[in-house]
Amino acid sequence: MPVSSVMAMSEPMISATGLVKRYKDVEALAGLDLAVPEGKVLALLGPNGAGKTTAVRCLTTLLKPDAGAARVAGIDVLADPAAAKSKIGLSGQYAAVDEHLTAYENLVMIGRLYHLGRTRARARAQELLERFDLTEFASRPTKTYSGGQRRRLDLAGALVAAPPVIVLDEPTTGLDPRSRQLMWDVIRELVGDGATLLLTTQYLEEADVLADDIVVIDHGREIAHGTADELKAQTGGQRIEVVLVSPADSEAASRVLNEVAVGEVQVSGGGRELGAAVGDEAAGDLLRVLQAFERDAVKVLDVGLRRPTLDDVFLSLTGHDSTEADQ
Amino acid sequence: MSTMAQAVNDGWVVAQRNLIKIVRVPEILVFVLVSPIMFVLLFAYVFGGAIETPGVNYREWLIAGIFGQTIVFGATFTGAGLAEDMQKGIIDRFRSLPMSNSAVLVGRTSSDVVYNVLSLIIMAITGFIVGWRIREGFLDAIAGFALLLVFGYAISWVMAWVGLMVPSVEVINNASFIVIMPLTFVSNAFVPTSSFNSVLKPVVEWNPVSAVTQASRDLFGNTGVGPGSDAWSLQHPVAYTLFWVVGIIAMFAPLAVRQYRLTTSK
């Protein structure tokens, strides 16, 4: 990639330093730092109103931060927004397509506004339609498309100029599971092609599946940073989870779990589901629990060791769960 | 590409996108093609017998006025189109592209000239059927149409500016009605200047809509015995119209571009 050759080796493809953005009395960004090395995927994870979209808009020249700096592909976003725009493909939360134009017309228009020239814009549009599985509807106005098809077209629009940096703002919010899976496949392919990606999401699973590195934000500032595994490790060790055949065994099972548990044993599902955090000897603890169940004739449907999900991470970091709007 | 060439290219790409909609959005077709026919027929037959125009048949005299009124109303379309764009997702795509800042506005005002050309053609044909005739030379008539179009283009920039400030398409439709209705009715578009009372008469005489109507009416050869006024504006309607065109564009094009930047950087 020519861009990387002119940059210092150490400079990240996307970087933000001390970004601040205020709206009247709300501080949407309160000094956010981000860095994404070339070819990597960073997920910006947070609930609604955490400042994710504001951060994206500042990084992609759409919004001027009140303080701080942003650089993309070696270009100072604030000093030269036009040059920065030509390096970034942005796909937002709401599909930015013209609903009266067809998919093909939308993509050709975008190509011509990237100054590709008419012939190249047409060829590129055709190429992207095929790649994103949109050829079938390519000659219908986009207002007849499903949500997933529109998002795919929007993402195709972001890729028209083959930008080295791709920014996706909540790419799968509101999509059904099948469309989400399709979108994930597409995103993985982009990364395979060597693009550098910043994506925001409120789905913990999505960050886990797609990102190399996760920055958890809340109230416009970073509250945690690391790989999915590192973040999970922060909330402590693993958990033993048990599903009983009958709630009658609940008390006996709870007594057994209590012997190995770090902290309290949680009981739910009408007494049939029990869970407990355990220490470093998780496998040995599980073995002892099973032996005790055998001894006490506690019948179980399911027993397992589970690592904490990012939901658990979020709860322990912010004190509220990830789906809670906090504006 | 130079900045200027790029601005022209970008504006043209956006204009093409707007023009595709003529065939895709039925409301546009109605607005551009059907309503002008209705205006010609309504005015020709409702007011046809009631208004005296010395030296010329009223229907012949009227058509230039309907052209003027339709052109001015057509500018509402510019404002409504921009107001709609601002609320749709597509504006986010435009903003993320390395395109000229003025392209969305240049594209919209230019495609609306094409809409106006279509409206004028339809009205001219309808007018011809009800008895309108071009009495001067072909080139004079072309000059009359051209003057109407540049005037419409100038008003488009005013409405573009307004369209970027309003919260919804409905607001611009209502707001422009309140302004444009009196502007076109207190003019010589439908009623001769001489028949207004002494309070309204100076307003009619200096109203730019009167000037553009008078200018094209002269160029088509439909004036009859004269403009019915000694005011300089109606004695030199072409110059007076061009004065307004230049003034309006010089003032409102920069205002609209500035407003576009403000609106899109929120």
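Read along its sequence, chain B of this predicted model follows the pattern α-α-α-α-α-α-α-α-α-α-α, which corresponds to eleven helices and zero strands. The radius of gyration of chain B is 19 Å, close to the 18 Å that the globule rule gives for 266 residues, so the chain is as compact as a globular protein of that length. Taken along the principal axes, the C-alpha atoms of chain B fill a box of roughly 60 × 35 × 35 Å. Of its 266 residues, 47% count as buried, and among the contacts in chain B with a separation of 6 or more, 83% are accounted for by residues 24 or more positions apart.

Helix 3 has 30 residues and reaches 44 Å from its first C-alpha to its last, close to the 44 Å expected at 1.5 Å a residue. Because 28 of these 30 residues are buried, helix 3 of chain B is largely enclosed by the rest of the structure. For helix 11 of chain B, which comprises residues 237-264, the end C-alpha atoms are 39 Å apart, in agreement with the 40 Å that its 28 residues should span at 1.5 Å a residue. The buried residues of helix 11 of chain B are B:P237, B:Y240, B:T241, B:F252, B:A253, B:A256 and B:Y260, and these pack against helix 5 (103-130), helix 6 (138-165), helix 9 (208-220) and helix 10 (232-235) of chain B.

The largest nonpolar core has 139 residues, and those with the most contacts inside it are A:A43, A:L59, A:V72 and A:L107. When residues up to four places away in sequence are not counted, A:A43 touches A:L199, A:T201, A:A207, A:L210, A:A211 and A:I214. A second, separate core of 16 residues includes A:V256, A:V267, A:L274 and A:A276.

The contact between the two chains takes 25 residues from chain A and 19 residues from chain B. On the side of chain A that touches chain B, the elements giving two or more residues are helix 3 (81-85) and helix 4 (103-113) of chain A, and helix 4 of chain A gives the most, with five residues. In composition, the residues on this side of chain A divide into 14 nonpolar, six polar and five charged.

Key:
Residues numbered from 1 in each chain as written. Chains lettered and ligands numbered in written order. Predicted model: local features only at pLDDT ≥ 70, side-chain atom pairs only at ≥ 80, totals over all residues. Core = buried A, V, L, I, M, F, W, Y, C linked by C-beta atoms within 7 Å. Buried ≥ 20, exposed ≤ 12 C-beta atoms within 10 Å, placed from the backbone. Contact = placed C-beta atoms within 7 Å. Helix = DSSP H or I, 4+ residues; strand = E, 2+ residues; numbered from the N terminus. Expected span 1.5 Å × (residues − 1). Nonpolar A, V, L, I, M, F, W, Y, C, P; charged D, E, K, R; others polar. Rg over C-alpha atoms; globule rule 2.2 N^0.38 Å.
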